[in-house]
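Subject: Structure handover

Hello,

Here is the structure I promised to pass on. Please open it first, then read my notes below.

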Amino acid sequence: MTRVKLILCIACANVVRDRGKSVLVCPECHFRIGRARYERIRSYAETATRFGYAYRRHFESRPPKNVHPSISVDDALLFAGLAAVGGIIGNASYDVVKAFARRVFLNVAAKIKGDQRDYEVEEVVEYVQEYHTHGVSNLSLRVRTGIREEFLTEYEAQFYLRIKRRGARFTGATLRRGREEAQRAWIERPPPPPADFAGFASAVRRRRRARNARK
Ligand SMILES: [Zn+2]
């Protein structure tokens, strides 16, 4: 199966193929968003969805102790997670977030044949929103520890890779710094500024208002 990189319109939940443009314009509702802003949202949502949903599901299924899978999320799940985060930062009601996430699943499935998966919209939204708001503090010690370990290990690995790419010398201090930076990233997890989510689900909300007015 060819991997198609998709981009999500945060106003109407439409998905389009990523053609690498610096300003993304939705062909469906004409919403415009700069690449840097989109990537900030996407990257934050990806972390929240992986560690708040995918790894949580993994550790809640009580896997054997020595199993350390590298869990990635597909576009459908990532975009639904983005909707969950957008609901809080972009100030949208739970119903709007759910409607948005449902649209995401349909739109991604329509774009990528055979890539359809069954996620419970409610569960994705609930888990990702909880991670955004509370991190893992409300989870059981076993699940919490598992998720944290995966986060730190991955963050450190990426840190050391960057050092290696720069050709810098690898010392005991490098190891310590990698560990410190990973710890800080785990605690801080700074979300994108609210302005990044301006217009979130605006087209979905408009559609719902129009439908309600007809009733
Ligand atoms: Zn759109």
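Helices (H or I, at least four residues) and strands (E, at least two) are DSSP runs, numbered from the N terminus. On that basis the protein has seven helices and four strands. Along the sequence the order is β-β-β-β-α-α-α-α-α-α-α.

Two notes before the details. Residue numbers start from 1 along each chain, following the sequence as written. The model is predicted, so local features need pLDDT of at least 70 and side-chain atom pairs count only at pLDDT 80 or more, while totals for chains, interfaces and linings use all residues.

Confidence

pLDDT is the predictor's confidence in each residue, from 0 to 100. The protein averages 92, and 97% of the residues score at least 70. Among its elements, strand 4 (residues 32-34) has the highest mean pLDDT, 97. Helix 7 (residues 202-214) has the lowest, 91.

Overall size

The C-alpha atoms fill a box of roughly 65 × 40 × 35 Å, taken along the principal axes.

Helix packing

Axes are lines fitted to C-alpha atoms, for helices over the stretch in contact, and angles run from 0 to 180 degrees between N-to-C directions. Angles under 35 degrees count as roughly parallel, over 145 as roughly antiparallel, 65 to 115 as roughly perpendicular and the rest as oblique. A crossing is left-handed if the near helix is turned anticlockwise from the far one by less than a right angle, and right-handed if clockwise. Residues are in contact if their C-beta atoms, placed from the backbone, lie within 7 Å. Ala, Val, Leu, Ile, Met, Phe, Trp, Tyr, Cys and Pro count as nonpolar; Asp, Glu, Lys and Arg as charged; the others, Gly among them, as polar.

Helix 2 with helix 4. Helix 2 (residues 75-89) and helix 4 (residues 121-134) have axes 8 Å apart, at an angle of about 55 degrees. Helix 2 is therefore oblique to helix 4. The crossing is right-handed.

Helix 3 with helix 4. Helix 3 (residues 94-111) packs on helix 4 at about 120 degrees, with the axes 10 Å apart. That angle makes helix 3 oblique to helix 4. This crossing, too, is right-handed. Val97, Lys98, Ala101 and Arg102 of helix 3 meet Val121, Glu122, Val124 and Val125 of helix 4. Five of these residues are nonpolar, none polar and three charged.

Helix 5 with helix 6. The axes of helix 5 (residues 141-166) and helix 6 (residues 172-188) come within 9 Å and cross at roughly 130 degrees. So helix 5 is oblique to helix 6. Their crossing is right-handed. Among the residues in contact are Arg148, Phe151 and Tyr155 of helix 5, with Arg179, Glu181 and Trp186 of helix 6. The contact has nine nonpolar, two polar and four charged residues.

Best wishes

Terms used: Two residues are in contact if their C-beta atoms, placed from the backbone, lie within 7 Å.
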